[in-house]
Amino acid sequence: MSAQGFPEELYADLVLVNGKIITVDSSDTIAEAVAVRDGRILKAGSTAEIKRLAGRRTRIIDLKGRTVLPGFIDSHEHCIRRGLQADWVNCASPPMTSIDDIVEALRAKAAEKPAGEWIIGNWFDESKLKEGRFPTRYDLDRASTRHPIYLGRAGGHNAVANSLALRLAGIDRNTPQPQGGRIEKDGSGEPTGRLDELAAMNLVRAKIPTTSTEEEVEIMVRNWPQVEEELLSWGLTTIHEAHIKAPEALAYQELLNQGRLRLRVGLMLDGMTPYQGYATSDLSRQGLHTGFGWGDKLRVIGVKLGVDGAMGSRTAALHKPYENEPENRGIVRVTQEELTEETVRCHLAGLRVCIHAIGDRAIDMALDAVEEALRRRPREDHRHRIEHAGYVEEPQLERMRRLGVAVSASIGFCYPIGDSHLDALGEERMRGYYPMRSFREYGIVAGGNSDGFGRNWAITGIYGCVTRRTQREKVLAEEQAISVMDAIRVYTINGAYLEGVEDEKGSLEPGKLADMVVLDRDILTIDPEEIIDTKVLMTIVGGEVVYERR
Ligand SMILES: [Zn+2]
């Protein structure tokens with residue numbers, strides 16, 4: 001049907017017609033149809049207009065009224081490492097409802113393994129357990145005393161070890177507290193098994209036999225398809241991977257070389273502070289600037305630095321103490337001097353810093369570091385990022401605006417784990433809890449993330465932005481809610497801005513990468529309560545259908 005007599009190669013490769021295309025351009029244009037050629041958006045418009053761009057070889061998808069958005073960009077996750085965890089015991093809730101459930105699952109794994117072999121569990125969250133407390137070494141001893149057991153908490157900032165694991169690590173009542181970490185001890189001075197922050201956790205982790213880099217890369221590459229399939233089923237077309245060490249970068253490189261990377265990945269390489277990473281020194285020495293990479297599928301978007309712990313486990317650094325814990329203001333893993341020095345080095349080398357800072361005390365440290373970097377060498381549009389920004393005080397918003405700092409906000413936490421954050425901070429401080437409306441009002445660009453918690457990350461995050469509702473049906477500072485359209489921006493164009501490529505993706509405009517999702521309902525008009533149930537029907541990356549719901 002080359003009605004207009006164009007040569008076939010000038011027609012679209014793919015057109016989506018008869019739908020509601022939310023383009024997320026600057027004037028919130030809504031179209032009926034969209035055409036794609038060579039992996040990029042050719043045009044959005046009416047069905048009649050777009051059909052004219054279809055030739056004999058064009059794939060035509062009839063949307064039957066369904067809603068299309070730009071593909072979701074999640075700006076802080078840890079995905080490829082999930083491939084290494086195939087042998088781990090998943091202790092997330094659900095399905096775990098009690099410490100007994102966890103003990104039972106660990107015991108079952110131990111039964112499969114000879115005595116002496118390590119049993120690794122992960123993802124427990126005491127706030128979701130009947131007992132409402134961390135398991136202790138004695139709980140884990142019920143699973144096995146002949147296997148060392150290491151059980152990580154969701155979020156990666158805390159763990160519990162059984163008695164054998166503690167013994168192998170040489171941890172007893174006389175062990176001094178490590179710098180930047182905490183070995184919990186009971187009233188009599190005996191370790192309880194709980195370990196807070198890497199400095200303490202690593203005492204045990206160092207005893208777990210390591211796999212070689214080659215083996216790790218091989219395992220991650222092998223297990224990637226299952227990990228990626230789930231991400232695509234949630235409509236994610238880009239993820240930003242936070243603190244990436246060499247094996248993970250190598251695994252991604254391998255996947256790309258094999259033509260097996262379907263979604264787009266932005267890497268935040270591990271800085272030295274506090275991750276003992278390589279990125280700052282290596283990249284700055286080589287003069288490699290943020291944005292270098294292997295094309296539009298895989299590139300380096302920054303250097304990951306870190307300041308504090310996590311809110312749910314009460315290790316995020318606050319100015320004022322946690323609720324019902326007058327002595328606890330959280331943990332800081334770096335000195336201001338270390339953080340500033342590394343931030344300045346990255347800044348001078350043309351590298352973007354992505355600084356993990358959740359509590360207000362940590363955010364001040366991050367802002368101090370960025371301020372010093374900008375004092376040393378002013379630079380417009382540096383897009384240094386704060387990762388998470390979980391509790392922000394009003395004056396800090398003004399500082400963020402003035403310094404031009406962007407935020408990767410973990411608003412995806414609100415629904416699955418917001419309740420534990422309310423417990424930790426108290427009602428009064430909720431106005432500064434992932435303050436999405438304030439970010440917007442101050443002109444601070446905020447992307448969204450779930451940092452591994454919950455499911456269907458982008459949709460759950462959009463629901464959090466719009467309703468501020470938690471799993472226990474609490475509403476966390478309704479005045480910080482934003483519109484559905486603004487919430488969509490958080491997970492599309494703002495995410496693109498956070499990696500410095502908002503001209504390339506994040507909206508459905510001519511010339512941009514054709515990354516799109518088709519939803520099963522119109523999230524702009526449904527009851528906001530229903531957003532959480534929204535399903536992705538189809539995911540398209542670079543004009544290629546990479547996921548279809550069956
Ligand atoms: Zn993270």
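**Exercise 1.** Is strand 1 (residues 12-17) largely enclosed by the rest of the structure or exposed, and why?

*Solution.* The model under study is a predicted one. The first step is to recall the cut-off: a residue is buried when its relative accessible area is under 20%. The next step is to apply this to strand 1, where five of the six residues are buried. Strand 1 is therefore largely enclosed by the rest of the structure.

**Exercise 2.** Determine which strands pair with strand 1, and in which direction each pair runs.

*Solution.* Strands of a sheet pair through backbone hydrogen bonds, in either a parallel or an antiparallel manner. Consider strand 6 (residues 54-62): five bridges join strand 1 to strand 6, and the two run parallel. Within this pair, Val17 stands opposite Asp62 in strand 6. Consider then strand 4 (residues 33-37): three bridges join strand 1 to strand 4, and these two run antiparallel. Here Leu14 stands opposite Val36 in strand 4.

**Exercise 3.** Describe the open sheet of eight strands: what is its order, and which strands stand at the edges?

*Solution.* The order of the open sheet is 8-15-16-17-18-19-20-21, and its pairing is parallel. Strand 8 (72-77) and strand 21 (446-448) stand at the edges; each has a single partner strand, so one side of each is left without a neighbour in the sheet. From one strand to the next, the twist averages 25 degrees.

**Exercise 4.** State how many bridges join strand 19 (residues 385-388) to strand 20 (residues 406-409).

*Solution.* Four bridges join strand 19 to strand 20, which run parallel. In this pair, His388 stands opposite Ala409 in strand 20.

Definitions and conventions
Residues numbered from 1 in each chain as written. Predicted model: local features only at pLDDT ≥ 70, side-chain atom pairs only at ≥ 80, totals over all residues. Heavy atoms only, no water. Buried < 20%, exposed > 50% of the residue type's maximum accessible area, 1.4 Å probe, protein only. Pairing = 2+ DSSP bridges. Axes fitted to C-alpha atoms, helices over the stretch in contact; angles between N-to-C directions.
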